[in-house]
Amino acid sequence: MTLSHSMLAIEISTPGGPDVLTPASVPVPVPGHGQIVIRVAWAGVNRPDALQRAGAYAPPPSASPLPGLECSGTVVELGPGVTRWRIGDQVCALLPGGGYAEYAVTHEAHALPIPKGLSLKEAACLPETCFTVWSNVVMRGGLRGGERFLVHGGTSGIGTTAIQIARALGARVFATAGTEEKCEVCRALGAELAINHRTGDFVAEMKAVGGANLILDMVGGPYIERNLKALADGGRLVQIAFLQGARVTLNLAELMTRRLTLTGSTLRPQSDLAKARIAREVETHVWPMIERGAVRVVMDSDYPLDQAPAAHWRLESGGHVGKIALRVET
Ligand SMILES: NC(=O)c1ccc[n+]([C@@H]2O[C@H](COP(=O)([O-])OP(=O)(O)OC[C@H]3O[C@@H](n4cnc5c(N)ncnc54)[C@H](OP(=O)(O)O)[C@@H]3O)[C@@H](O)[C@H]2O)c1
């Protein structure tokens, strides 16, 4: 197949608010060794896209400067050395960037088959969240069945996925969210207790059940000290973002006296090999959970590609529950 040389994409014209997302004609990406080009059907929208748009999350040097960390679509070109995929295969994929476009390029090992029973729209919303949740909750955080797991931002894309995966692993799940309605969603997804962080005290609630064995946190700031207090002895705190700041003053004595672990990771700058390893684990462990209905994609809304600013306004309104998607193929 011969691809045209240019395509429609959404560029970040200058760092700023959602309206800096601007349609542009840009070159179609060329696959390098081990890479595939995907004709994008749907692109998932994630909080890191908003951070990149605002100038607070620069793409790695080798990545597309266009926003978009995940997509679904059809493989249309193979780079040298590609063995797993053929032209015409439908996939969903983790991207180093460039999902808000008609075509995107990624390493073949970062693409996965569409789970049975899922639409392309739902599948586009899986990679960034599933890779992040599995690598931080299981590979880094070591969650096991029977443990008490607390996730903040329970109705975020990450939160809705983390609740369901942790339940499917047999953990006892606790979540925080900003409204009663959001707390109800967390409970419906499998949280035995959902705490409204505007009215409740998650430290007291977690202490009352013996403390959390693992906490997945994206809030940071004042939550860091409170999270340490909410952990059971030997508990682990995994940071995946710092929505309320990364600089704090802490007394770390509890790390020693209660044998706590404080760790974290960010997905995008990791090596191709590290992401391929996560992809294998996600396909082996999470895809079966999705296919047997234990984990589903919680969809908030979708927008056509040229309405990417509206999708970001929605994301930043804080009113959304679950994932937002962009329709690329018309
Ligand atoms: N480390 C990684 O590799 C990685 C990868 C992907 C995403 N992330 C991070 O994970 C988080 C969730 O991503 P997402 O795409 O699922 O985001 P999202 O759907 O936009 O959710 C963010 C959630 O955080 C809460 N929130 C927003 N601003 C807040 C603030 N200032 N203080 C406290 N809570 C706030 C909101 O919950 P309430 O309204 O209920 O409070 C919201 O549900 C983001 O921070 C993102 O940057 C990290």
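A pocket, on a 1 Å grid over the protein atoms alone, is an open set of points where a 1.4 Å probe fits, with protein on both sides within 12 Å along at least five of seven lines; lining residues have an atom within 4 Å of a point. Its volume is the space filled by probe spheres set on the points, which are joined across faces, edges and corners.

This is a predicted model, where local features need pLDDT of at least 70, side-chain atom pairs count only at pLDDT 80 or more, and totals for chains, interfaces and linings use all residues. Residues are numbered from 1 along each chain as its sequence is written, and side-chain values use heavy atoms, without hydrogens or water.

Start with the largest pocket, which holds about 1100 Å³ of space. Select Arg 47, Ser 156, Met 218, Ala 241 and Leu 243: of its 41 lining residues, these are the closest to the centre. Next, colour helix H3 (127-140), which gives the most to this lining, four residues. (Helices are DSSP runs of H or I, at least four residues, and strands are runs of E, at least two, numbered from the N terminus.)

Now move to the second largest pocket, at about 280 Å³. Pick Gln 35, Ser 62, Ala 63, Pro 96 and Asp 272, the closest to its centre among 15 lining residues.

Last stop: Arg 259, in the loop between helix H8 (253-257) and strand S13 (261-264). Its phi is near 55°, a positive value in a residue other than glycine.
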